[in-house]
Amino acid sequence: MRDFMTSHFMTSLAAYRDRRMIRILLLGAMSGFPWVLIGSSLSLWLNEDGLSRSAIGWAGLIFSIYAINFFWAPLIDRIRIPGLARKIGQRKAWILCFQIVILLALLAWSLLRPAEDIWLVMAIGLVIATASASQDITIDALRIEQIDASEKSAMAAGAAIHVTGWWSGYKIGGIIALFSADFLQNAGFENYWQLTFIGLGGLVVLANIGLLFIPEASANARIEAQNKAEADIVKKLGTNNYFARFIGFLGSTVWGPLASFFRQNGVAIGLGILSFVLLFKIGEAFMGKMSLIFYSEIGFSKSDIALYSKGLGWITTVAFTLLGGFFAIRSGAVRALFIAGIAMAATNVMFSVLAWTGKSEWVFALAVLLDDIAAAFATVAFVTFISLLVDRTYTATQYALLASIGTIGRTTLAASSGAMVDGLGGDWGLFFVITALMVIPSLCLLWLLRHKIQLNGG
């Protein structure tokens, strides 16, 4: 038994030592960084310019774009950018284009003030969100395609590394943004957020230099399968004119991924999986949407938030994401999701304790620590789960569909979080208890589906 456990541990460890994990780490960081801009930075920027909690919460509706990116995912999955795709690869060509859009939007933000140009600020925020949600389509596809479909352990390790990269981009980006804004504000610059955005643009440039060194697998097999599906539709139409070819392209591009998903799982189980994905992280999203406002209201400075929520949070998230990957490799994604869901609910209650006790650095640190541990386990299990569900012929589209449905709960529904706090009369303690209870429906669904879900790679 001891030899078996040692062998299993070494197999799991070997998955992390794979050089492909460095590439996946960078892709994760590129995916997480924009959330700093339209999440943490934008929320505090609006708050410090005098907007209300409810207004800031509703401003979070720009995240809704992540919930609908599957609508154009089939086109990104299928269309190759002329010239650029041939030089650097289809996936990287799309990512590079969207990164340039994010960089230009940051430079535009540096010229504005929310109090005077709120609608323009939000419009540019929507541009950033759209570019970020669109690049995630190809980042996730490129990340999954770094690993063969049969390498289940490597897929779990890759999911853990991707989540580590995402949180590194989000947390380290947040540290840089908050410390920069705090430093510039204390130095007497009135446009401290605008100057911060210019500095953050430099991180975008550095990330894209690294992107160019990531190899991209040949798309020939995927293109051949997609073309065959298109040809089959045209053949069934009994004609080969322009209209028939257009219907064939549209059908294979849009309907093909959906048909493949429900063919693998069945309609009832497929709908059950989609419902679970929708509900699993709603409670975490409601809490996360208002967390920075909560920290600020009970008396923590931007530097305090950067140190505890971003700095300490990043260290614990990275460590426990990697441990979560070990756990997902050994126990399976479904069991890991059960444990992570229970942990998420329990740790949300810690923020109720902080609300009831008032400003306390050690309670704050403990709450952030436990929350990030739970979030790390939950995210790596969730990413592993949906990564193993996708058909490699439609990697980008199917992953985008599953991720988008999960994002609906984390963005669109959670946009009412500020209104909920106001409706509770500012009772933060009760608010966090409610968010803890939100995970229960998803765990009930997972229990019913646990023996019926078909995961690829084993």
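What does H7 span between its end C-alpha atoms, against the span of a straight helix of 31 residues? The points below take this up first and then turn to other features.

1. Basis. This is a predicted model, in which local features need pLDDT of at least 70 and side-chain atom pairs count only at pLDDT 80 or more, while totals for chains, interfaces and linings use all residues. Residues are numbered from 1 along each chain as its sequence is written, and side-chain values use heavy atoms, with hydrogens and water left out.

2. Helix H7. The end C-alpha atoms of H7 span only 39 Å, whereas a straight helix of 31 residues would span 45 Å at 1.5 Å a residue. The expected span is 1.5 Å times one less than the number of residues. Helices here are DSSP runs (H or I, at least four residues), numbered from the N terminus. At Leu-120, H7 bends by about 45°; the bend at a residue is the angle between axes fitted to the seven residues ending there and the seven starting there.

3. Helix H8. H8 is mostly covered, with 25 of its 35 residues buried. Buried means under 20% relative accessible area, exposed means over 50%, and partly exposed lies in between (1.4 Å probe, protein chains only). Just after H8, Gly-188 has a positive phi of about 100°.

4. Salt bridges at Arg-91. The whole structure holds 4 salt bridges, each defined as a side-chain nitrogen of Lys or Arg within 4 Å of a carboxyl oxygen of Asp or Glu. One of them pairs Arg-91 with Asp-77, with 2.9 Å between the closest N and O atoms. Arg-91 lies in helix H6 and Asp-77 in helix H4 (residues 73-78), so this pair ties together parts that are 14 residues apart in sequence. Arg-91 is buried at a relative accessible area of 0%, and Asp-77 is buried at 2%.

5. The second partner. Arg-91 also meets Glu-145 in a salt bridge (2.7 Å, N to O). Because Glu-145 sits in the loop between helix H7 (114-144) and helix H8 (152-186) and Arg-91 in helix H6, the pair ties together parts that are 54 residues apart in sequence. Both Arg-91 and Glu-145 are buried.

6. Arg-143 and Asp-140 form a salt bridge at 3.5 Å, N to O. Both residues lie in helix H7, 3 residues apart, or about one turn of the helix. Arg-143 is buried, as is Asp-140. Elsewhere, shared partners join Asp-77, Arg-91 and Glu-145 into one network of salt bridges.

7. Nonpolar patch. Ile-100, Leu-104, Leu-107, Phe-189, Leu-195 and Ile-198 make a nonpolar surface patch of about 520 Å². Patch residues have over 30% relative accessible area and no salt bridge; like charges are joined within 9 Å, and nonpolar side chains (Val, Leu, Ile, Met, Phe, Trp, Tyr) within 5 Å. Areas come from the Shrake-Rupley method with a 1.4 Å probe; for residues, only the protein chains shown count as cover. Helices H6 (90-109) and H9 (192-211) each supply at least two patch residues, and the largest share, 3 residues, comes from H6. Ile-100 is in helix H6 and is partly exposed at 45% relative accessibility.

8. Cysteines. The search of the whole structure finds 0 disulfides, taken as pairs of cysteine sulfur atoms within 2.5 Å. Cys-97 is partly exposed at 28% relative accessibility. Cys-444 is also partly exposed, with a relative accessible area of 45%.
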